[in-house]
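Visitor: Hi, I've got a structure open and would like to talk it through. Can you walk me around it?

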Amino acid sequence: ISTVNLYVMATSGATTTAGSFYLQDAQLEVGLAATEYIESGATKGTAGILENTPRFDYSNGASCPSLLLEPSRTQLVRQSEYFQSSHWTKDSNTTLTTNAAISPDGSQNATRFESSSAVSGMFSYGVVGNKTISIYIKAGDTGNIGKSMRLYTTEAAGDFVLTNDWQRISLTGNASNLFALYPSAANGFTSAFIWGAQGEAASYPTSYIPNNSGGTITRAADSCSKTGISNLIGQTEGTLFVEILLPNPNSTGGQTIVQIGSSPERIYFAKDSSSQNIFQIATQSSAGYNYLNTANQVSAVIKLAIAYKSGQNAFYLNGSLLGTPSAAANPSSFSHIFFGTNANTDIKINQVLLFKERLTNAELAALTN
(Lines give C-alpha, C1' and ligand atoms only; values in the text may rest on other atoms or scores of the structure.)
Protein backbone atom coordinates (compact mmCIF):
# COMPACT_ATOMS: atom_id res chain seq x y z
CA ILE A 1 0.00 0.00 0.00
CA SER A 2 1.06 3.58 -0.60
CA THR A 3 -1.75 5.54 1.07
CA VAL A 4 -3.93 5.24 4.15
CA ASN A 5 -7.10 7.41 4.25
CA LEU A 6 -9.32 8.17 7.22
CA TYR A 7 -12.47 10.19 6.53
CA VAL A 8 -16.12 10.68 7.44
CA MET A 9 -18.31 8.67 5.07
CA ALA A 10 -21.95 9.12 4.15
CA THR A 11 -24.43 6.64 5.65
CA SER A 12 -24.49 4.81 2.34
CA GLY A 13 -22.01 4.57 -0.46
CA ALA A 14 -18.31 5.37 -0.35
CA THR A 15 -18.49 9.16 -0.71
CA THR A 16 -17.10 11.57 1.86
CA THR A 17 -19.26 14.01 3.75
CA ALA A 18 -18.81 16.87 6.18
CA GLY A 19 -18.14 15.99 9.78
CA SER A 20 -15.40 15.27 12.33
CA PHE A 21 -14.14 12.59 14.68
CA TYR A 22 -11.43 12.11 17.28
CA LEU A 23 -8.37 10.06 16.43
CA GLN A 24 -5.71 8.71 18.80
CA ASP A 25 -2.84 6.21 18.64
CA ALA A 26 -2.73 5.65 14.88
CA GLN A 27 -0.28 2.93 13.88
CA LEU A 28 0.87 1.38 10.62
CA GLU A 29 3.27 -1.57 10.85
CA VAL A 30 4.72 -4.29 8.69
CA GLY A 31 3.20 -7.69 9.43
CA LEU A 32 -0.04 -9.64 9.59
CA ALA A 33 -1.22 -8.67 13.09
CA ALA A 34 -1.47 -5.46 15.09
CA THR A 35 0.90 -5.36 18.05
CA GLU A 36 0.90 -3.15 21.13
CA TYR A 37 0.89 0.57 20.41
CA ILE A 38 4.32 2.14 19.83
CA GLU A 39 4.42 5.83 20.72
CA SER A 40 6.37 7.91 18.20
CA GLY A 41 7.16 11.52 17.45
CA ALA A 42 8.37 13.12 14.25
CA THR A 43 10.21 9.92 13.28
CA LYS A 44 9.22 6.26 13.06
CA GLY A 45 8.78 4.29 16.26
CA THR A 46 10.31 0.81 16.52
CA ALA A 47 9.85 -2.21 18.78
CA GLY A 48 10.69 -5.89 18.92
CA ILE A 49 14.05 -7.42 17.98
CA LEU A 50 15.99 -4.62 16.30
CA GLU A 51 19.52 -4.24 14.94
CA ASN A 52 22.16 -4.51 17.69
CA THR A 53 19.67 -6.20 20.03
CA PRO A 54 21.20 -9.28 21.71
CA ARG A 55 19.57 -12.63 20.91
CA PHE A 56 19.74 -15.50 23.39
CA ASP A 57 19.97 -19.26 22.87
CA TYR A 58 17.98 -21.55 25.20
CA SER A 59 18.59 -24.70 23.14
CA ASN A 60 19.17 -28.16 24.65
CA GLY A 61 17.04 -27.32 27.69
CA ALA A 62 19.32 -24.57 29.01
CA SER A 63 17.87 -22.58 31.92
CA CYS A 64 20.63 -19.98 31.61
CA PRO A 65 20.91 -18.82 27.99
CA SER A 66 24.03 -18.11 25.98
CA LEU A 67 24.53 -15.10 23.75
CA LEU A 68 23.65 -16.02 20.17
CA LEU A 69 26.30 -14.82 17.69
CA GLU A 70 25.70 -15.89 14.10
CA PRO A 71 27.25 -15.35 10.68
CA SER A 72 25.56 -13.11 8.15
CA ARG A 73 22.63 -14.78 6.41
CA THR A 74 20.21 -13.77 3.66
CA GLN A 75 16.54 -14.75 4.01
CA LEU A 76 15.62 -15.99 0.54
CA VAL A 77 11.95 -16.77 1.21
CA ARG A 78 9.67 -13.90 0.28
CA GLN A 79 6.61 -13.18 2.44
CA SER A 80 7.86 -15.63 5.04
CA GLU A 81 4.71 -15.32 7.19
CA TYR A 82 1.97 -14.48 4.67
CA PHE A 83 1.45 -17.74 2.78
CA GLN A 84 -1.53 -16.43 0.82
CA SER A 85 0.63 -13.88 -0.97
CA SER A 86 1.44 -14.17 -4.67
CA HIS A 87 4.87 -15.56 -3.76
CA TRP A 88 3.27 -18.80 -2.54
CA THR A 89 1.18 -21.26 -4.54
CA LYS A 90 -1.32 -23.69 -3.02
CA ASP A 91 -2.58 -26.86 -4.72
CA SER A 92 -6.20 -27.89 -5.00
CA ASN A 93 -7.68 -29.43 -1.83
CA THR A 94 -5.41 -27.16 0.22
CA THR A 95 -6.86 -24.41 2.41
CA LEU A 96 -4.82 -21.69 4.12
CA THR A 97 -6.31 -19.49 6.85
CA THR A 98 -4.26 -16.45 7.84
CA ASN A 99 -4.01 -15.27 11.49
CA ALA A 100 -5.57 -18.48 12.78
CA ALA A 101 -3.36 -19.04 15.86
CA ILE A 102 -0.69 -17.55 18.11
CA SER A 103 2.75 -18.00 16.54
CA PRO A 104 6.11 -18.44 18.32
CA ASP A 105 6.56 -14.64 18.32
CA GLY A 106 3.44 -14.21 20.50
CA SER A 107 1.23 -12.61 17.83
CA GLN A 108 -1.88 -14.07 16.24
CA ASN A 109 -0.24 -14.41 12.83
CA ALA A 110 0.20 -18.16 12.36
CA THR A 111 -1.52 -19.79 9.36
CA ARG A 112 -3.75 -22.84 9.47
CA PHE A 113 -2.77 -25.35 6.77
CA GLU A 114 -5.45 -27.87 5.77
CA SER A 115 -5.19 -30.56 3.13
CA SER A 116 -7.12 -33.70 2.29
CA SER A 117 -4.48 -35.17 0.00
CA ALA A 118 -0.80 -36.07 0.15
CA VAL A 119 -0.36 -34.41 -3.24
CA SER A 120 -1.94 -31.13 -2.15
CA GLY A 121 0.19 -28.61 -0.32
CA MET A 122 1.97 -25.32 -0.92
CA PHE A 123 5.23 -24.22 -2.47
CA SER A 124 7.28 -21.14 -3.30
CA TYR A 125 9.89 -20.35 -5.91
CA GLY A 126 13.01 -18.23 -5.52
CA VAL A 127 15.12 -20.44 -3.21
CA VAL A 128 17.90 -21.55 -5.55
CA GLY A 129 20.97 -23.78 -5.17
CA ASN A 130 22.27 -25.74 -2.18
CA LYS A 131 20.18 -24.31 0.63
CA THR A 132 18.70 -25.03 4.03
CA ILE A 133 14.96 -24.45 4.29
CA SER A 134 13.01 -24.35 7.55
CA ILE A 135 9.58 -23.56 8.95
CA TYR A 136 7.82 -23.54 12.33
CA ILE A 137 4.98 -26.06 12.62
CA LYS A 138 2.62 -27.70 15.11
CA ALA A 139 -0.47 -29.95 14.96
CA GLY A 140 -3.68 -28.16 13.98
CA ASP A 141 -5.62 -30.04 16.69
CA THR A 142 -5.17 -33.05 18.97
CA GLY A 143 -6.29 -35.37 16.19
CA ASN A 144 -3.19 -34.47 14.18
CA ILE A 145 -0.65 -35.11 16.94
CA GLY A 146 1.62 -37.91 15.71
CA LYS A 147 0.72 -37.32 12.05
CA SER A 148 3.54 -36.18 9.78
CA MET A 149 4.23 -33.62 7.09
CA ARG A 150 6.86 -33.55 4.37
CA LEU A 151 9.25 -30.68 3.74
CA TYR A 152 11.21 -30.91 0.52
CA THR A 153 13.22 -29.25 -2.19
CA THR A 154 14.01 -30.67 -5.61
CA GLU A 155 16.69 -33.12 -4.42
CA ALA A 156 15.93 -33.63 -0.73
CA ALA A 157 12.90 -34.55 1.37
CA GLY A 158 12.16 -35.18 5.01
CA ASP A 159 9.11 -36.28 7.04
CA PHE A 160 8.45 -34.63 10.40
CA VAL A 161 6.06 -35.79 13.13
CA LEU A 162 3.64 -33.15 14.42
CA THR A 163 3.36 -32.40 18.13
CA ASN A 164 1.17 -30.10 20.18
CA ASP A 165 4.12 -27.69 20.58
CA TRP A 166 5.79 -25.45 18.05
CA GLN A 167 8.90 -26.99 16.53
CA ARG A 168 11.20 -25.74 13.80
CA ILE A 169 11.78 -28.34 11.10
CA SER A 170 14.57 -27.93 8.55
CA LEU A 171 16.01 -29.63 5.49
CA THR A 172 19.27 -29.15 3.59
CA GLY A 173 19.63 -29.94 -0.11
CA ASN A 174 19.65 -28.55 -3.61
CA ALA A 175 16.57 -26.34 -3.70
CA SER A 176 16.56 -25.68 -7.46
CA ASN A 177 14.17 -22.78 -6.93
CA LEU A 178 11.72 -24.66 -4.70
CA PHE A 179 10.42 -24.61 -1.10
CA ALA A 180 7.56 -27.09 -0.65
CA LEU A 181 5.42 -28.35 2.25
CA TYR A 182 2.98 -31.27 1.86
CA PRO A 183 1.32 -33.93 4.05
CA SER A 184 3.17 -37.23 4.20
CA ALA A 185 1.50 -39.97 2.20
CA ALA A 186 -1.51 -41.79 3.68
CA ASN A 187 -1.11 -40.82 7.33
CA GLY A 188 -4.55 -39.34 7.98
CA PHE A 189 -3.29 -35.78 8.23
CA THR A 190 -5.87 -32.98 8.09
CA SER A 191 -4.38 -29.76 9.52
CA ALA A 192 -1.37 -27.99 11.00
CA PHE A 193 -0.35 -24.49 12.01
CA ILE A 194 2.67 -22.98 10.22
CA TRP A 195 4.71 -19.81 10.60
CA GLY A 196 8.12 -18.37 9.77
CA ALA A 197 9.45 -20.02 6.61
CA GLN A 198 13.13 -19.45 5.84
CA GLY A 199 15.62 -20.31 3.11
CA GLU A 200 19.35 -19.63 3.44
CA ALA A 201 22.52 -20.57 1.56
CA ALA A 202 24.12 -22.70 4.25
CA SER A 203 24.39 -26.20 5.66
CA TYR A 204 22.31 -25.44 8.79
CA PRO A 205 19.53 -22.99 9.78
CA THR A 206 20.17 -19.85 11.79
CA SER A 207 17.65 -17.87 13.82
CA TYR A 208 14.55 -16.72 12.01
CA ILE A 209 14.73 -13.56 9.82
CA PRO A 210 11.23 -12.12 9.20
CA ASN A 211 10.62 -11.07 5.60
CA ASN A 212 7.37 -9.26 4.84
CA SER A 213 8.55 -8.09 1.42
CA GLY A 214 8.87 -9.40 -2.10
CA GLY A 215 12.68 -9.34 -2.00
CA THR A 216 15.36 -10.73 0.27
CA ILE A 217 16.48 -9.63 3.75
CA THR A 218 20.11 -9.87 4.92
CA ARG A 219 21.15 -9.95 8.58
CA ALA A 220 24.67 -8.73 9.30
CA ALA A 221 27.19 -10.98 11.04
CA ASP A 222 27.17 -10.74 14.82
CA SER A 223 30.15 -9.85 16.95
CA CYS A 224 30.59 -9.04 20.62
CA SER A 225 33.11 -6.94 22.52
CA LYS A 226 33.45 -5.47 25.99
CA THR A 227 35.80 -2.56 26.64
CA GLY A 228 36.92 -0.81 29.82
CA ILE A 229 37.50 -4.07 31.72
CA SER A 230 41.23 -3.84 32.40
CA ASN A 231 40.60 -4.78 36.03
CA LEU A 232 39.07 -8.09 34.87
CA ILE A 233 42.02 -9.04 32.64
CA GLY A 234 45.32 -10.15 34.13
CA GLN A 235 47.85 -7.43 33.37
CA THR A 236 50.93 -9.49 34.25
CA GLU A 237 49.57 -13.03 33.96
CA GLY A 238 46.41 -14.85 32.98
CA THR A 239 44.72 -17.65 31.06
CA LEU A 240 42.38 -17.52 28.06
CA PHE A 241 40.25 -20.61 27.35
CA VAL A 242 37.78 -21.28 24.54
CA GLU A 243 35.65 -24.29 23.58
CA ILE A 244 34.39 -24.22 20.00
CA LEU A 245 32.22 -26.46 17.86
CA LEU A 246 32.90 -26.76 14.16
CA PRO A 247 29.68 -28.01 12.50
CA ASN A 248 31.39 -28.35 9.13
CA PRO A 249 34.82 -29.99 9.54
CA ASN A 250 35.82 -28.95 6.03
CA SER A 251 35.01 -25.26 6.35
CA THR A 252 37.63 -22.77 5.24
CA GLY A 253 38.10 -19.05 5.71
CA GLY A 254 40.29 -17.44 8.33
CA GLN A 255 39.29 -15.10 11.12
CA THR A 256 40.02 -14.33 14.73
CA ILE A 257 37.70 -16.29 17.01
CA VAL A 258 38.61 -14.94 20.45
CA GLN A 259 41.21 -12.38 21.48
CA ILE A 260 42.20 -10.15 24.39
CA GLY A 261 43.93 -6.87 23.68
CA SER A 262 44.36 -5.46 20.20
CA SER A 263 47.11 -5.34 17.59
CA PRO A 264 50.03 -5.03 18.09
CA GLU A 265 49.62 -6.29 21.68
CA ARG A 266 47.18 -9.19 21.79
CA ILE A 267 46.63 -12.87 22.53
CA TYR A 268 44.23 -14.75 20.30
CA PHE A 269 42.84 -17.90 18.71
CA ALA A 270 42.21 -17.87 14.97
CA LYS A 271 41.02 -20.14 12.17
CA ASP A 272 43.73 -20.67 9.58
CA SER A 273 42.74 -19.14 6.24
CA SER A 274 44.28 -21.79 3.98
CA SER A 275 43.62 -25.06 5.79
CA GLN A 276 40.40 -26.82 6.64
CA ASN A 277 40.54 -27.61 10.32
CA ILE A 278 43.74 -25.90 11.44
CA PHE A 279 43.62 -23.40 14.31
CA GLN A 280 46.26 -20.86 15.23
CA ILE A 281 47.10 -20.12 18.86
CA ALA A 282 49.11 -16.93 18.97
CA THR A 283 50.50 -13.98 20.82
CA GLN A 284 51.44 -10.81 19.01
CA SER A 285 53.66 -8.04 20.29
CA SER A 286 55.45 -5.10 18.73
CA ALA A 287 58.35 -7.50 18.17
CA GLY A 288 56.28 -9.88 16.05
CA TYR A 289 54.25 -13.07 16.37
CA ASN A 290 54.69 -16.20 18.41
CA TYR A 291 52.21 -18.86 17.30
CA LEU A 292 51.57 -22.55 16.86
CA ASN A 293 49.27 -24.20 14.33
CA THR A 294 47.26 -27.12 15.63
CA ALA A 295 47.27 -30.42 13.78
CA ASN A 296 44.31 -31.14 11.54
CA GLN A 297 41.48 -31.78 13.98
CA VAL A 298 39.11 -34.70 13.53
CA SER A 299 36.94 -33.92 16.53
CA ALA A 300 34.30 -31.26 16.00
CA VAL A 301 34.78 -30.00 19.58
CA ILE A 302 38.04 -28.14 20.14
CA LYS A 303 39.27 -26.88 23.54
CA LEU A 304 42.15 -24.39 23.47
CA ALA A 305 43.97 -22.47 26.21
CA ILE A 306 46.74 -19.89 26.38
CA ALA A 307 48.46 -19.31 29.71
CA TYR A 308 50.67 -16.22 29.78
CA LYS A 309 53.25 -15.04 32.29
CA SER A 310 56.81 -13.85 31.77
CA GLY A 311 58.90 -16.93 31.02
CA GLN A 312 55.99 -19.32 31.68
CA ASN A 313 53.81 -19.14 28.55
CA ALA A 314 51.98 -22.30 27.46
CA PHE A 315 49.60 -23.35 24.68
CA TYR A 316 47.21 -26.27 25.31
CA LEU A 317 44.87 -28.15 22.97
CA ASN A 318 42.41 -30.88 24.03
CA GLY A 319 44.37 -31.81 27.15
CA SER A 320 47.85 -31.74 25.62
CA LEU A 321 50.67 -29.19 25.72
CA LEU A 322 51.34 -27.78 22.26
CA GLY A 323 54.28 -25.58 23.13
CA THR A 324 55.83 -22.99 25.41
CA PRO A 325 56.69 -19.84 23.40
CA SER A 326 59.38 -17.73 25.02
CA ALA A 327 57.82 -14.38 24.18
CA ALA A 328 54.28 -13.05 24.47
CA ALA A 329 52.35 -9.84 24.13
CA ASN A 330 52.71 -7.16 26.75
CA PRO A 331 49.43 -7.49 28.68
CA SER A 332 49.63 -4.01 30.25
CA SER A 333 47.45 -2.68 27.42
CA PHE A 334 44.73 -5.33 27.64
CA SER A 335 41.48 -3.41 28.04
CA HIS A 336 38.95 -5.48 26.09
CA ILE A 337 37.94 -8.98 25.03
CA PHE A 338 36.49 -9.76 21.61
CA PHE A 339 34.92 -12.89 20.16
CA GLY A 340 32.93 -13.62 17.05
CA THR A 341 33.03 -15.25 13.62
CA ASN A 342 32.50 -14.05 10.08
CA ALA A 343 30.26 -15.25 7.28
CA ASN A 344 32.90 -17.56 5.78
CA THR A 345 33.28 -20.06 8.61
CA ASP A 346 30.65 -22.02 10.51
CA ILE A 347 32.06 -22.01 14.03
CA LYS A 348 30.00 -22.12 17.22
CA ILE A 349 31.65 -20.78 20.36
CA ASN A 350 30.39 -22.91 23.24
CA GLN A 351 32.36 -21.29 26.04
CA VAL A 352 34.94 -18.59 26.74
CA LEU A 353 36.73 -18.27 30.09
CA LEU A 354 39.23 -15.63 31.17
CA PHE A 355 41.31 -16.03 34.33
CA LYS A 356 43.49 -13.38 35.94
CA GLU A 357 45.96 -16.07 37.00
CA ARG A 358 48.35 -18.26 35.03
CA LEU A 359 46.81 -21.69 35.67
CA THR A 360 49.16 -24.58 36.35
CA ASN A 361 49.93 -27.01 33.55
CA ALA A 362 47.89 -29.68 35.35
CA GLU A 363 44.92 -27.29 35.49
CA LEU A 364 45.34 -26.40 31.82
CA ALA A 365 45.36 -30.07 30.88
CA ALA A 366 42.21 -30.73 32.92
CA LEU A 367 40.47 -27.63 31.58
CA THR A 368 41.08 -28.52 27.93
CA ASN A 369 40.68 -32.30 28.22
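**Around an aromatic cluster**

Guide: Let's start with Trp88, which is buried, with a relative accessible area of 6% (buried means under 20% relative accessible area, exposed over 50%, partly exposed in between, with a 1.4 Å probe and protein chains only).

Visitor: Before we go on, what kind of model is this, and how are residues numbered?

Guide: This is a predicted model, where local features need pLDDT of at least 70 and side-chain atom pairs count only at pLDDT 80 or more, while totals for chains, interfaces and linings use all residues. Residues are numbered from 1 along each chain as its sequence is written, and side-chain values use heavy atoms, with hydrogens and water left out.

Visitor: OK, back to the rings. How many aromatic pairs does the structure hold?

Guide: There are 8 aromatic pairs. Rings of Phe, Tyr and Trp (its six-membered ring) pair if their centres lie within 6.5 Å; planes under 30 degrees apart count as stacked, over 60 as edge-to-face and the rest as tilted. One of the pairs is Phe83 with Trp88, edge-to-face at 5.1 Å centre to centre and 80 degrees between the planes.

Visitor: And what does Trp88 do with Phe179?

Guide: Trp88 and Phe179 are also an edge-to-face pair, with 5.5 Å between centres and 85 degrees between planes. Trp88 lies in strand E4 (residues 88–90) and Phe179 in strand E12 (residues 178–183), so the pair ties together parts that are 91 residues apart in sequence. As for the naming, helices (H or I, at least four residues) and strands (E, at least two) are DSSP runs, numbered from the N terminus.

Visitor: Is Phe179 buried or exposed?

Guide: Phe179 is buried, with a relative accessible area of 0%. Phe83 is buried too, at 2%, and Phe83, Trp88 and Phe179 form one aromatic cluster.

Visitor: Switching topic: what's the strand order in the open sheet?

Guide: The order is E5-E6-E13-E8-E11, 5 strands with antiparallel pairing. Two strands pair if DSSP finds at least two bridges between them.

Visitor: Which strands stand at the edges?

Guide: Strand E5 (94–101) and strand E11 (167–174) do; each has a single partner strand, so one side of each is left without a neighbour in the sheet. From one strand to the next the twist averages 35 degrees. For that, axes are lines fitted to C-alpha atoms, for helices over the stretch in contact, and angles run from 0 to 180 degrees between N-to-C directions.

Visitor: How many residues of strand E13 are buried?

Guide: For E13 (residues 191–200), 10 of the 10 residues are buried, so the strand is largely enclosed by the rest of the structure. E13 runs antiparallel to strand E6 (residues 110–115), with 4 bridges joining them, and Glu114 has Ser191 in E13 as its bridge partner. On E8, 7 bridges make the antiparallel link to E13.

Visitor: What about E8 and E11?

Guide: Strand E8 (residues 130–139) pairs with E11 over 8 bridges, again in the antiparallel sense. Tyr136 stands opposite Arg168 in E11, and Tyr136 also stands opposite Trp195 in E13.

Visitor: Now the loops. Where is Glu70?

Guide: Glu70 is in the loop between strand E2 (66–67) and strand E3 (73–75). Glu70 is buried, at 8% relative accessible area.

Visitor: Which side chains does Glu70 make polar contacts with?

Guide: With Ser207, at 2.5 Å, and with Arg219, at 3.4 Å. A polar contact is a pair of N or O atoms within 3.5 Å; within protein, one must be able to donate a hydrogen and the other to accept it, and residues adjacent in sequence count only if both atoms are side-chain atoms.

Visitor: What about Ser103?

Guide: Ser103 sits in the loop between E5 and E6 and counts as buried at 4% relative accessibility. Its side chain makes a polar contact of 2.5 Å with the side chain of Asp105. Leaving out residues up to four places away in sequence, Ser103 touches Asn109, Ala110, Trp166 and Trp195, where contact means heavy atoms within 4.5 Å.

Visitor: Last one: is Ile145 buried or partly exposed?

Guide: Ile145 is partly exposed, with a relative accessible area of 40%. Ile145 is in the loop between E8 and strand E9 (148–152).
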